[in-house]
Amino acid sequence: MTVVMDPASSADRAPRRHLLDRAGLPRALAWGYLGVLVFMIGDGVESGYLSPYLLDEGLSKQQVALLFSVYGVTASVAAWFSGALCDLWGPRRVMTLGLGIWVVLQIALLLFALPTTDFPLLLISYGLRGLGYPLFAYGFLIWVTAVTPRRRLGSAVGWFWFAFTGGLPTLGSLVASFAVPRIGAYGTLWLALGLVAAGGAITLLLVREPTGRRRLAPAGERPLATLIGSLAIVWRRPRIGIGAVVRAINTAPQFGFLVFLPVFFTETLGFTLSEWLRLLSAMFATNIFFNLVFGVVGDRIGWQRTVAWCGGVGCAVTTLLLHYGTVAAGDDFPMAVVLVSLFGATLAGYVPLSALMPSLAPDHKGQAMSALNLGAGASTFLGPALVGLLLGPLGVEGLMWVFAALYLTSAFLTAFLRLPAPEEGTDC
């Protein structure tokens, strides 16, 4: 007897996409995004006031600068090796390590280093604490890239950067602005510890997705080969090396701006310091929103095209607009808000690079992300170094043209980041 299937009943049994999936946020990792947001709020609490607090506690400007430099170096090292360690141990274990480092060294900072203002102890506790947040946050980013199908990966990493930058520095600084007047600078650092611990617990206790529990490297690959591979992949696969250069260009001008734009806006254009800080907040708030927008756009029109045109060409245009527009308008605050917001928006055009890089090396996603994070770490030094070398001879106008040229260069380099064609039948 022939049985006729009811097509309507078959359609009724077809799984419906969850609201989170439709928004581009992997449902299996949803708690992890919330955990990263809370963790990064805790990590970002100190960003707006730690330096003056340490100066008030008796440290010299040179000691504070050295302390922050050590922190930056250790954070860059952790960002670089986060991918290789995920290949070796799995993202969940790497995130656990990052959380443990942050919590233990923050307790040491609060109980021993700060009360005595012992500088060697501060270097050890705070300086080495820089290893913590990249292992936790970038470990989760690699987990996202390992789990999410290629067709939705741009949106998924857009949500990651929304959570990351929403916490550091945006909501973290906001929390500090309310907490410091009420419980003091020292008490606020204890609050930061609680937020970081809560964010870590949310992610590690509530995310049950199994991929993060196992190593990502191919079976049989030795640990030493995995670690060396995080370096060798840059020249073993030239497109990965090019992607690392594009990532370095992405935020190098941003870090350079933080060196000279405060003086340019206050002393040359005539804004007050409070107005400049509000402009900086507007830039990052816009960037947070457009991290989501360009994640979705990248999935629709292509990651490579989004990075090249919305990121590279867009940032080149808005960098020049930021200079010439503010010079022409003077201390016109509403116009300055528009101009800094345009730059913040186009800066988010590079978000799909976090989806593009691991897809260029699907068998070594962790190593590819290590190269991407290496570029991110290099940008923290590249931008200020260019300012130190070129601001004197070229001035602000010439430096803005250099940064615009770098962005156009990144757009050209992105043309070489072509994805391999997806295999038939794969979920890409």
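In which loop is the place of valine 351? Valine 351 sits in the loop between helix 14 and helix 15 (353-360), where helices are DSSP runs of H or I with at least four residues, numbered from the N terminus.

The legends below describe a predicted model, in which local features need pLDDT of at least 70, side-chain atom pairs count only at pLDDT 80 or more, and totals for chains, interfaces and linings use all residues. Residues are numbered from 1 along each chain as its sequence is written, and side-chain values use heavy atoms, with hydrogens and water left out.

View 1. Leaving aside neighbours within four places in sequence, valine 351 is in contact with Gly154, Val157, Gly158, Trp161, Asn291 and Gly295, contact meaning heavy atoms within 4.5 Å. Serine 155 is 196 residues from valine 351 in sequence, and their C-alpha atoms are 9.2 Å apart in space.

**View 2. Packing of helix 12 (residues 273-301) against helix 14 (residues 333-347).** The two axes come within 7 Å and cross at roughly 35°; axes are lines fitted to C-alpha atoms, for helices over the stretch in contact, and angles run from 0 to 180 degrees between N-to-C directions. The crossing is right-handed, a term used if the near helix is turned clockwise from the far one by less than a right angle. Helix 12 contributes Glu275, Arg278, Leu279, Ala282, Met283, Thr286, Asn287, Phe290 and Phe294 to the contact, and helix 14 contributes Phe333, Ala336, Val337, Val340, Ser341, Phe343, Gly344, Ala345 and Leu347. These residues divide into 12 nonpolar, 4 polar and 2 charged (Ala, Val, Leu, Ile, Met, Phe, Trp, Tyr, Cys and Pro count as nonpolar, Asp, Glu, Lys and Arg as charged, and the others, Gly among them, as polar).

**View 3. Helix 14 and its cover.** Helix 14 has 15 residues and reaches 21 Å from its first C-alpha to its last, close to the expected 21 Å; the expected span is 1.5 Å times one less than the number of residues. Buried positions in helix 14 are Ala336, Leu339, Val340, Ser341, Phe343, Gly344, Ala345, Thr346 and Leu347. Their cover includes helix 11 (238-268), helix 12, helix 13 (303-329) and helix 16 (365-414).

**View 4. The largest nonpolar core.** Among its 111 residues, Phe140, Phe160, Phe260, Leu261 and Phe265 touch the most other members; such a core is a set of buried Ala, Val, Leu, Ile, Met, Phe, Trp, Tyr and Cys residues joined through side-chain atoms within 4.5 Å. Helix 9 (residues 153-206) supplies the largest share of this core, 15 residues. Not counting residues up to four places away in sequence, phenylalanine 260 touches Val387, Leu391, Val396, Leu399, Met400 and Phe403.

**View 5. Valine 36 in helix 3 (residues 30-44).** With a relative accessible area of 1%, valine 36 is buried. Beyond residues up to four places away in sequence, valine 36 touches Phe136, Phe140, Phe160, Ala163 and Thr203. The C-alpha atoms of valine 36 and phenylalanine 162 are separated by 10.0 Å, although these residues lie 126 residues apart along the chain.

**View 6. Alanine 156 in helix 9.** Alanine 156 counts as buried, at 0% relative accessibility. Not counting residues up to four places away in sequence, alanine 156 touches Gly24, Pro26, Tyr33, Val144 and Thr148. Glycine 24 is 132 residues away in sequence and 5.5 Å away in space, C-alpha to C-alpha.

**View 7. Threonine 117 in the loop between helix 6 (91-116) and helix 7 (119-129).** Threonine 117 is not a glycine, yet has a positive phi of about 45°. This residue is partly exposed, at 30% relative accessibility.

Conventions. Helix = DSSP H or I, 4+ residues; strand = E, 2+ residues; numbered from the N terminus. Buried < 20%, exposed > 50% of the residue type's maximum accessible area, 1.4 Å probe, protein only.
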